[in-house]
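Please consult the sequence and the model alongside the text.

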Amino acid sequence: MNIYDYLVRAAGVDPQGVAVCLGDQLHQTWSTLDDRSRRLARSLAVKGQAGDRVLIASPNCAEFPEIMFGTWAAGMAVVPINAKLHVREIAEIIADSEPVAVLVSAKIAEGLQSIGEAAIEIGSEEYEVLFADTGASPVARGKDDLAWLFYTSGTTGRSKGAMLTHGNLAAMTDAHLADIDSPEGASALLHAAPMSHGSGLYMLPYVARGSRQVIPASGGFDPAEFCELCVMHEGVRAFLAPTMVQRLRLAQDDQTPFPTNLELVVYGGGPMHVSDMRAALAAFGPIFAQIYGQGETPMTITGLTREDHIDASDTVLGSVGKVRSVIELKIVGDSGERMPAGTPGEILCRGATVMAGYWHNPDATKATLADGWLHTGDIGTLDENGFLTLLDRSKDVVISGGSNIYPREVEEVLLAHPDVVEAAVIGSPDEEWGEIVVAHVVLSTDIPHTDLDGHCLAHIARFKRPKRYVVHEELPKNANGKVLKRELREV
Ligand code: AMP
């Protein structure tokens with residue numbers, strides 16, 4: 001097997017069908033994408049051999065699919081890098097993953113050159129030379145062979161490379177088509193979220209079904225452009241981070257076209273607050289599905305289907321849904337014992353999407369995959385109906401006066417206040433209590449903290465309410481839009 005087979009199939013079924021669009025413009029048919037990918041594979045085979053790595057660092061661009069599939073045709077693995085990383089962080093990943101080719105945007109090429117790192121600029125003459133020869137036949141691969149070396153976002157420490165195999169990505173594809181979406185007929189995957197992360201991996205189920213890949217000309221998420229593309233293309237699906245769903249809704253005004261053909265938004269990667277989801281459902285209708293996953297088990301631990309969102313209770317909307325087809329899940333206490341329904345513990349999972357381990361990091365692999373289970377580092381509860389609710393990353397839990405306080409719960413309450421735009425809750429060391437709850441907030445109007453205190457007292461137990469408030473213009477976030485709590489701890 002080689003996940004390149006998805007492209008072979010799409011190109012065989014409809015060679016002249018639209019494979020890749022840049023905005024509203026046709027970029028490649030399936031046969032062109034197949035041909036270009038095989039040509040790239042021929043050049044990569046000169047630089048290295050099956051099992052080697054190819055690094056890509058760029059905002060979303062129309063060349064992403066040919067680079068991904070070309071790498072797989074050569075039997076090599078893609079190392080996708082978030083384009084917002086600092087060049088020094090990219091250089092660290094280059095040193096760790098030792099790629100045979102580094103393909104990057106013009107801006108990143110310039111940055112890397114300034115620190116003495118060689119790279120090929122995507123779209124340049126040097127890049128086009130890689131496609132000069134006739135194509136090579138795709139190299140056969142086994143299910144345990146490396147396909148995607150996925151560096152974690154490093155919110156909790158140094159970034160590590162999760163090794164995802166052809167078998168992992170094939171299982172992710174099957175599970176997506178079984179649990180989340182089953183596109184039929186003309187449909188499009190609109191890549192507004194970074195293709196170096198979830199959006200790029202989601203290409204696979206849609207290539208498997210012959211759905212076109214639409215790359216916004218801006219290379220990222222611009223709500224007005226997104227809405228226009230959802231009018232131009234049919235049967236649109238997109239993966240969006242929760243903050244993008246919010247921005248899409250807030251951008252709706254008389255000038256923005258309503259995204260008529262937007263059939264499915266898969267959101268995940270960070271918490272979606274219940275009030276925000278209700279507002280999104282009211283604005284766009286029941287077009288949402290949620291996934292909970294990690295780089296270590298891409299996009300696949302639990303899911304909340306489109307149907308689950310209809311007439312859902314706060315408990316269901318506030319959950320991350322039910323266990324996915326290819327996954328087994330358990331919640332365990334400190335000594336590994338299974339927790340009963342409703343009791344918090346660490347979320348462990350195992351199954352066909354779980355990574356082979358961390359690249360060149362046996363200690364981290366041993367700790368994270370202990371006893372054959374992926375230790376997610378997330379704390380959650382399973383209810384009697386099988387819905388999983390995430391409480392927090394284990395290291396984010398605040399222990400105050402001996403009681404566990406889950407920041408997410410306090411954040412939900414704060415966000416329900418009409419003047420709170422953003423909220424992140426952390427623990428701060430305190431002599432008397434061990435830790436106290438501190439809320440970092442962004443406010444739409446200058447209201448006294450006593451108002452927020454009164455609001456919290458009305459909704460949650462007294463001991464959970466923040467003892468201190470810090471007001472920000474904006475909360476610090478990493479390149480994926482996740483709030484950097486470690487930076488808030490330094491405030
Ligand atoms: P990453 O490996 O960068 O994709 O980060 C994975 C982490 O993001 C998970 O361990 C969760 O803590 C968080 N996460 C992923 N999906 C969700 C979701 N649907 N809701 C809340 N948090 C999520």
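The model is predicted: local features need pLDDT of at least 70, side-chain atom pairs count only at pLDDT 80 or more, and totals for chains, interfaces and linings use all residues. Residues are numbered from 1 along each chain as its sequence is written, and side-chain values use heavy atoms, with hydrogens and water left out.

**Ligand surroundings**

Around the ligand there are 17 residues, of which Ile-291, Gly-295, Asp-378, Arg-393 and Lys-482 come nearest; a residue is near if one of its heavy atoms lies within 4 Å. By type, the shell divides into five nonpolar, nine polar and three charged residues, with Gly counted as polar.

| Residue | Protein atom | Distance to a ligand nitrogen atom |
|---|---|---|
| Gly-269 | polar backbone atom | 3.0 Å |
| Gly-270 | backbone N or O atom | 3.2 Å |
| Gln-290 | side-chain N or O atom | 2.9 Å |

On its own the ligand has 500 Å² of accessible area, and the protein covers 90% of that area (Shrake-Rupley method, 1.4 Å probe). Strand E13 (288-294) and strand E20 (388-393) are the elements that give two or more residues to the shell; E13 provides the largest share, five residues. Strands here are DSSP runs of E with at least two residues, and helices are runs of H or I with at least four.

**The nine-stranded sheet**

E13 also belongs to an open sheet of nine strands with mixed pairing, in the order E2-E1-E10-E9-E11-E12-E13-E14-E15. Strands pair if DSSP finds at least two bridges between them. Because strand E2 (25-29) and strand E15 (322-323) each have a single partner strand, one side of each is left without a neighbour in the sheet. Strand E12 (residues 262-268) runs parallel to E13, joined by four bridges, and Gly-268 stands opposite Ile-291 in E13.

**The three-stranded sheet**

A further open sheet, also of mixed pairing, has the order E23-E24-E25. Its edge strands are E23 (420-430) and E25 (468-471), each pairing on one side only. Strand E24 (residues 434-443) is parallel to E25, with four bridges between them; Val-438 stands opposite Arg-468 in E25. Helix H15 (residues 407-415) lies across E23, E24 and E25 and runs at about 145° to E23. Such angles run from 0 to 180 degrees between N-to-C directions, with axes fitted to C-alpha atoms, for helices over the stretch in contact. Helix H16 (residues 449-459) touches E23, E24 and E25 as well, at about 125° to E25, where contact means heavy atoms within 4.5 Å.

Technical notes. A polar contact is a pair of N or O atoms within 3.5 Å; within protein, one must be able to donate a hydrogen and the other to accept it, and residues adjacent in sequence count only if both atoms are side-chain atoms.
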